Amino acid sequence: MSIEPEVPYNRADEDSSDDDNESWRDPHILLDGTSLPPAATRPVVVDNIRTHGFQQQPQQQQQQQQQQQQRQPQRQPQRPSYVDTTILSDTGHRNPDNYWVLPAHCNPRDVLGSNYKSRSNEIQKLTGSFIEFNERLNQIDIWGDTEAIDKTKSYLDRIVSRLAEKDTSTRRKTQKWGKPERELTPKEKKRAERKQARLDEEKRYQGLPPMEQNYHGVFNIPDQSLPIVKFLGDSESYLNQIRADCKAFLWYEPSHHVIRVAADTNDAVNTAAKRIRNWYVRCKRKPEGGLARLLQQPSQDYLIAYRNLPKNFVTYQYTDPERENFMMEKHRLLEAVNTGLPTSIENAGNNLIQLEDKTSRALSGAASTLNERNKEVIEHLLERGLESMRLNDWNLRLKIRFGQICLIDYPKKDKYMTIESVSDKIFRKKQFKSALAPCISKTQEGLDSLFGYMASAENATEFSDNPRTSFSIKAKQYPTAAPPKILGQRSPPRGDMWDTLTEISFTDDGQRRLWSTMTDCNDLVDISCADIESSYSWDLKLQHARRLPNDDINSPHEKFAHALSVSSNNRLVLVTSDDYIPEIVTQKTKWKYSWNDYVVEICKDEIWDMNRIERTDRELPVDLTSISSHRTLFKVSLYKEAWVNRLAENLDLKIGEAPSWTLGEFLASKNEDVSTLMSTVKNFSEILSSEVPLYWENAEKSLV
């Protein structure tokens, strides 16, 4: 039996085909694989049926057609065409460089404005691209370079995000069906297991111990006026943390107003009791600071006079132009006036060349003790402030700044005042107000000498990552996310907005680094010291702020921070939000140097007032690249790296925990005390006076 397959034709018939007039190969297929369009054939009517060349026809008519085709001249092969036939009249005369597909649920007029033009023109002006709505493909065609295209897409994405936030019609009132959750990764499984283990550990020690424990303790709550919910937390949430960490049983006895502790080990009982005590002190103690206005002890006696703020002076804080003009007119500086009498006028005779214009006078008894009295004041205020904040899990900062002391509210006195009257009377009045104006230059060229001094290896060591750039945003915001809107119902009141400060930085490729949002930003300790012999005075501040949680993706500050970005010129790009309203944006560029166990920080502040920026369309992001800053200044500060490391421990404190640092490390250690601090500040003030001339005097000389 043969396994050879059957074929529907005979190979002998294939070889005997007619080669004169016809061929089995399609004559329209060329050797290079391209094809020509078939020649148009005239339709032939056969039995009232219209047929074409591929239908069978009578043999005589078929031969006539073949003869007519042979008489026609042979056509030349056509080259393939590269013309894009998809371009119609509504898509322009060339292909777009890129495109952005409009979401199905969005109306193009909501994205681009009426007639697709009102917002398109603004986007084109801000991004440097050209855009056009392609109605047939429901997309926005974009022309431009890569940067302009990316910027345009980012703007369009943010507009759609804003529309989704405002649209309540797409929100469901009930939970919809969803697909099953995906399987957790090994890392996520370990995290979930640790979380569940902690919850199980907390539940294990809740309530009374199931069996007798070996060790017991009692903490008597001294103040019965303290609300017990504030001390224990909602559902005893504060106690639950201590229970799980210390592996001890804790319960509250209302009849005796005590917290009882029981555990298997003595260490667990002692640790739990210590944390209960710390938490009680934390709940009862309020932040305590203070304010002091001091006068640096001079080397000789002077008279002191008020001086008007010079022209081009930068006020101590940024404000609107009208308020700034008022500050320039009303605020004053202190100015030292040399005192003394001509020596030996009677004995000088006619030899006036040897006559001295002035002589230095020794300090009085009160003035000669200024340094010692200033030291006691600084020690007292720092001790008070640090101790009151030691158990708080807040953000703490200790720093020294240099600048000029501006008198804000001061008594009207005679033309000249003595050192004693200023330091012991005027500065101690409650009505007296002053502040440090930190600007030491308006341009970087004004600090060339200081940069040169700090760059010298003999004087200081430069940090390797200079300069660093970060942003701070002062804003008003609601503390929590808005509840979902329901059609036909009024939104519940949300209370007043909070004053907050957001600090954020970005990597070189535009990715967000660590960021934080703080509220209740205050100066706990504010000490300023006027130095009438130096061009620069100084102040010392202990600042505190409370961080807002950043684990809620729906909170206003979380949404705002996630939408922030930087342009190619390292300028901030802000989005619009109804719950987070930025007011002042500051870009900080910092140069850091290590000097005598201290960190010298030179900072350039570029300030934008968002209320003074005109916006034709508030739905579009604000790119600060094309907007000049409303104020630019350079300032210098001084601090220890050890201060930063110690105070950073407070951010990670749990309920009842205490940091490892003590007051002695700040005020009474071998290398740190107030006397050493005052001497170091005086030395650096002299360096500034020699390296950095007063910026307003430079401006006057340049005009001359």
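Me: Are Phe-451 and Trp-591 buried or exposed?
Reply: This is a predicted model, so take the values as computed from it. The cut-off for burial is under 20% relative accessible area. Phe-451 and Trp-591 both fall in that class, so the word for the two of them is buried.

Me: What kind of aromatic pair do Phe-451 and Trp-591 form?
Reply: Their ring centres sit 5.3 Å apart, with 75 degrees between the planes. Planes over 60 degrees apart count as edge-to-face. That makes the Phe-451 and Trp-591 pair edge-to-face.

Me: How many residues apart in sequence are the parts that this pair ties together?
Reply: Phe-451 belongs to helix H14 (residues 448-455), while Trp-591 is in strand E22 (residues 580-595). The pair therefore ties together parts whose separation in sequence is 140 residues.

Me: How many aromatic pairs turn up in the whole structure?
Reply: Ring pairs also link Phe-219, Phe-231 and Tyr-280 into a cluster. Searching the whole structure gives an aromatic pair count of 17.

Me: What kind of pair do Phe-313 and Trp-696 make?
Reply: The centres are 5.5 Å apart and the planes make 55 degrees. Stacked needs under 30 degrees and edge-to-face over 60, with the rest called tilted. So Phe-313 and Trp-696, both buried, form a pair that is tilted.

Me: In which helix is Trp-696, the partner of Phe-313?
Reply: Phe-313 sits in the loop between strand E10 (302-308) and helix H10 (321-330). Trp-696 is 383 residues away from Phe-313, so this pair links distant parts of the chain. The helix holding Trp-696 (residues 695-703) is H19.

Me: Which ring does the charged end of Arg-390 sit over?
Reply: There's an arginine over the face of Phe-666 too, namely Arg-646, at 4.8 Å from the ring centre. For Arg-390, the distance to the ring centre is 5.8 Å, and the ring belongs to Trp-661.

Me: What is the handedness of the crossing of H12 and H18?
Reply: Helix H12 (residues 370-389) and helix H18 (residues 674-691) pack at about 115 degrees, their axes 10 Å apart. H12 brings Asn-371, Asn-374, Lys-375, Ile-378 and Glu-379 to the contact, and H18 brings Val-674, Ser-675 and Met-678. These residues divide into three nonpolar, three polar and two charged. As for handedness, the crossing of H12 and H18 is right-handed.

Me: What is the relative accessible area of Arg-119?
Reply: Arg-119 lies in helix H4, where the buried residues also include Ile-123 and Thr-127. Beyond its neighbours within four places in sequence, Arg-119 is in contact with residues including Asp-110, Asp-617 and Glu-619. Arg-119 counts as buried because its relative accessible area is 12%.

Me: Which residue just after H4 takes a positive phi?
Reply: Helix H4 runs over residues 118-127. The phi in question is about 80 degrees, and the residue is Gly-128.

Me: How far apart in space are Phe-402 and Leu-540, C-alpha to C-alpha?
Reply: Phe-402 is in strand E12 (residues 395-409) and is buried, with a relative accessible area of 0%. Leaving aside neighbours within four places in sequence, its contacts include Trp-538, Val-636 and Phe-684. Phe-402 and Leu-540 are 138 residues apart in sequence, yet in space the C-alpha to C-alpha distance is 9.3 Å.

Terms used: Residues numbered from 1 in each chain as written. Predicted model: local features only at pLDDT ≥ 70, side-chain atom pairs only at ≥ 80, totals over all residues. Heavy atoms only, no water. Axes fitted to C-alpha atoms, helices over the stretch in contact; angles between N-to-C directions. Helix = DSSP H or I, 4+ residues; strand = E, 2+ residues; numbered from the N terminus. Left-handed = near helix turned anticlockwise from the far one by under 90°. Contact = heavy atoms within 4.5 Å. Nonpolar A, V, L, I, M, F, W, Y, C, P; charged D, E, K, R; others polar. Phe/Tyr/Trp six-rings, centres within 6.5 Å; stacked < 30°, edge-to-face > 60°. Buried < 20%, exposed > 50% of the residue type's maximum accessible area, 1.4 Å probe, protein only. Lys NZ or Arg CZ within 6 Å of the ring centre and 35° of its normal.
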